[in-house]
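I opened the notebook to record how the parts of this structure pack together. The entries follow the order in which I looked things up.

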Amino acid sequence: MQVTSRHFKEGAHAALHDKDIQKAFSKVKGGFPVARAKAASELPEFEDLRDAGRDLKNHILENLDYYLEYFEDQVLLQGGRVHWCSNYAEARDVILQICRDADARTVTKGKSMITEEMALNDFLEKNGIEPIETDLGEYIIQLAHEYPSHIIAPALHKTKDQVTELFHEKHGKYGFTERLTDPQALVNEARSILRDKYVAADVGITGANFLIAETGSTVIVTNEGNGDLTQSLPKTHIAVSSIEKVVPTLEDASLFLRLLARSATGQEMSVYTTFSTGPKRREDIDGPASFHVVIVDGGRSDLVGSDKQDLLRCLKCGACMNHCPVYQAVGGHTYGWVYPGPIGAALNPQMVGLEETRHLPNASTFCGRCEEVCPVRIPLPKIMRLWREQAFETEVTPKPERWGIGLWAYFARRPALYRIVTRIGARTLKTIAGKKGRIVKLPLMGGWSSVRDFPAPQGATFMDQWKKQNRGRK
Amino acid sequence: MSATAKPKNVALFVTCLVDLNRPSVGFAAVKLLEAAGCTIVVPKAQTCCGQPAYNSGDKKSAKAIATQVIRAFRGFDYVVAPSGSCAGMIRHHYPELFKDDATMMVEVGELASRTYELVSFLHDICGYRPENVRLETTLTYHDSCSSLREMKVKDQPRALLGSVDGLEIREAEDREACCGFGGTFCLKYSEISESMVDTKITNLLASGAETLAAGDLGCLMNIAGRLKRRGEKMKVLHVAEVLAGMGDTAGLGEGEN
């Protein structure tokens, strides 16, 4: 996927002046976070589960090779195949080859962030295979040629009116010519088109929320049931997963399932939780004739053992973005790559480079709400700070910022000199402010003055007044 | 326990914003700490906790400034700051800064463990409650992110404000949301900051309170500055000023009375 994170500020400006985006994202805070808080408070052991989830993920990451190989062995025993891909290009080629072996003309797709990362849909289209997204939100943005603005609610940025126009424009070819405005009618129209697509598809591609090592199963959660149909109707099922999704046992998967939906939407469980274990057996009523798991590294193994390994605990629940005031203000697309919000700010620099994404870890107040709600307690602000340190050390941080901090630090490290500078500064600012007590245009501080007045200093500094009172004993 | 027990030897970490911008907060802190039975020293060699450098990725400068703080604040029972942000920096982030330096870590860990945010120190450690303090106003308290999430300051300021005669607390909606200050964030991403502070202000004004108080001057300067720019009348004070009976001080961004 093309990276546009470099233009974060311009994107933020545009988003802040877009009424539809403001309306869509300002609604987030009254929705998901309220539901999550309720769900968390109704489960007394929720905080303990978060600790257990964090610890288990850490254990898995320390033994990642073992569990992945264990998983592969079990998939093979069940009659499936595992494909190891170190990067996106390899993964795309493997998936294309499986599709060609199946003589595929159309593939249905369940929601998958890793296939967003590798821009699989564009690639399949270029190679003459039609991909059809079956998650309603994904379907909408596929029709609109856009990409997700939220990892679990991909079309969050779309208004109902926009969907009405989109369906009216794109669904005429299926015989739907009426301009629908009722949400349920819109859903029904999409559903009836998708039903035919499910039956006609040659291959079904899904993501994976978990890979279970002991059984060789892949697990997906959905609220629409589209995942079930995507993976059980076509002759071939491809589950695409990144390496960190493996869990040791079914019991372990259940721990994360208890955390996942509560953190994401405030549901106790997603409506559908679908386990796939190998291809259809003789006694099965339905299921794919062939079952493939494509496991993609895509830069993640570089995180293992690094100071940012904690990122690999991520369950992709979206709680961090739901609670992020910056995300709520600028929306998902502003972040400029697959993952928006705090997880994107912490992860995208690893995935697509710090130079391209340097704004993302900087555009945070470190308010800490993301870490407060992360089901596996990823220290997101800390990781953003590590990126800031790396940007500073490698001079990715622009020179004026570096010099500004350097100059300030020069004085801050010299208390006696600092006293003189602050004494002059406080008096000067008070003089500029005059009787009003505030400064409308602060010299050299356009970022402050463009938004706010500057409350003027009271006059003499505290340290000077304290000294004058002869209380400066030390 | 306050008056009769052995006085607590407290070093005041003034904070750079209080020193430069609003010394009255520092004097309010001294007044409160003395009333709570503490003896106060203000170490001379203090400037700032180093947070601007730390959050900008300039680890080297942050460490140098932190080292200066560590030296200046040796030997006191407690270090108290009228800011959750600066106290949080010392308590939680100094250990992070020096985690690879075993020699420093002994001293850092020791300093961190005796560093407190002012209001929670008064409430939790001193058992202090304001007496004969009066302020006729309706007041809403803004939970600054560092105070709330790093220093676990939430109920303490409300409990102490509850002892101020004539004061009625009106809670605002979404009170745990960030105001958009974020140190250099508000300069570098001013438009996003503007959106965040406007959301905050909408909620604060909707509470119907006449006065806003919080425990961190950064948030207060941001919110007060935006309130003034928008022509709003809400008076903005540091919570220490209210508790110390200095509620008649001109609010942030207001001229002398």
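Predicted model: local features only at pLDDT ≥ 70, side-chain atom pairs only at ≥ 80, totals over all residues.

**Entry 1: two helices of chain A**

I looked up helix H4 (residues 46-62) of chain A and helix H13 (residues 250-264) of chain A, and found that their axes come within 10 Å and cross at roughly 125°. I noted that the crossing of H4(A) and H13(A) is left-handed.

Next I listed the residues that meet. From H4(A) they are A:Phe46, A:Leu49, A:Arg50, A:Ala52, A:Gly53 and A:Leu56, and from H13(A) they are A:Asp252, A:Leu255, A:Phe256, A:Arg258, A:Leu259 and A:Arg262. Sorted by class, the residues of this contact are seven nonpolar, one polar and four charged.

**Entry 2: another helix pair in chain A**

I turned to helix H10 (residues 160-170) and helix H11 (residues 183-200) of chain A. They pack at an angle of about 35°, and their axes are 11 Å apart. The crossing of H10(A) and H11(A) is left-handed. H10(A) brings A:Lys160, A:Val163, A:Thr164 and A:Phe167 to the contact, while H11(A) brings A:Pro183, A:Leu186 and A:Glu189. I sorted the residues of this contact into four nonpolar, one polar and two charged.

**Entry 3: the sheet of chain A**

In what order do the strands of the open sheet in chain A run? I read the order as S1-S10-S7-S4-S2-S3, six strands with parallel pairing. Strand S1 (81-85) and strand S3 (130-133) of chain A are the edge strands, each pairing on one side only. From one strand to the next the twist averages 20°.

I then followed one pair inside the sheet. Strand S7 (residues 236-242) and strand S10 (residues 290-296) of chain A pair in the parallel sense over seven bridges. A:Val240 stands opposite A:Val294 in S10(A). Helix H6 (residues 88-101) of chain A packs on the sheet, and its direction makes about 170° with that of S10(A).

**Entry 4: where the chains meet**

How many residues of chain B are in contact with chain A? I found 62 residues of chain B in contact with 57 residues of chain A. The elements of chain B that give two or more residues to its side include helix H2 (23-35), helix H4 (59-72) and helix H11 (190-206). By class, the side of chain B that touches chain A has 27 nonpolar, 19 polar and 16 charged residues.

The axes of helix H1 (residues 8-16) of chain A and H11(B) come within 9 Å and cross at roughly 35°. A:Ala12, A:His13 and A:Leu16 in H1(A) meet B:Glu191, B:Ile192 and B:Ser195 in H11(B). I counted this contact as three nonpolar, two polar and one charged.

**Entry 5: the domains of chain B**

The contact takes 27 residues from domain 1 of chain B and 22 residues from domain 2 of chain B. On the domain 1 side, I noted 12 nonpolar, 13 polar and two charged residues.

Conventions
Residues numbered from 1 in each chain as written. Chains lettered and ligands numbered in written order. Axes fitted to C-alpha atoms, helices over the stretch in contact; angles between N-to-C directions. Helix = DSSP H or I, 4+ residues; strand = E, 2+ residues; numbered from the N terminus. Left-handed = near helix turned anticlockwise from the far one by under 90°. Contact = placed C-beta atoms within 7 Å. Nonpolar A, V, L, I, M, F, W, Y, C, P; charged D, E, K, R; others polar. Pairing = 2+ DSSP bridges.
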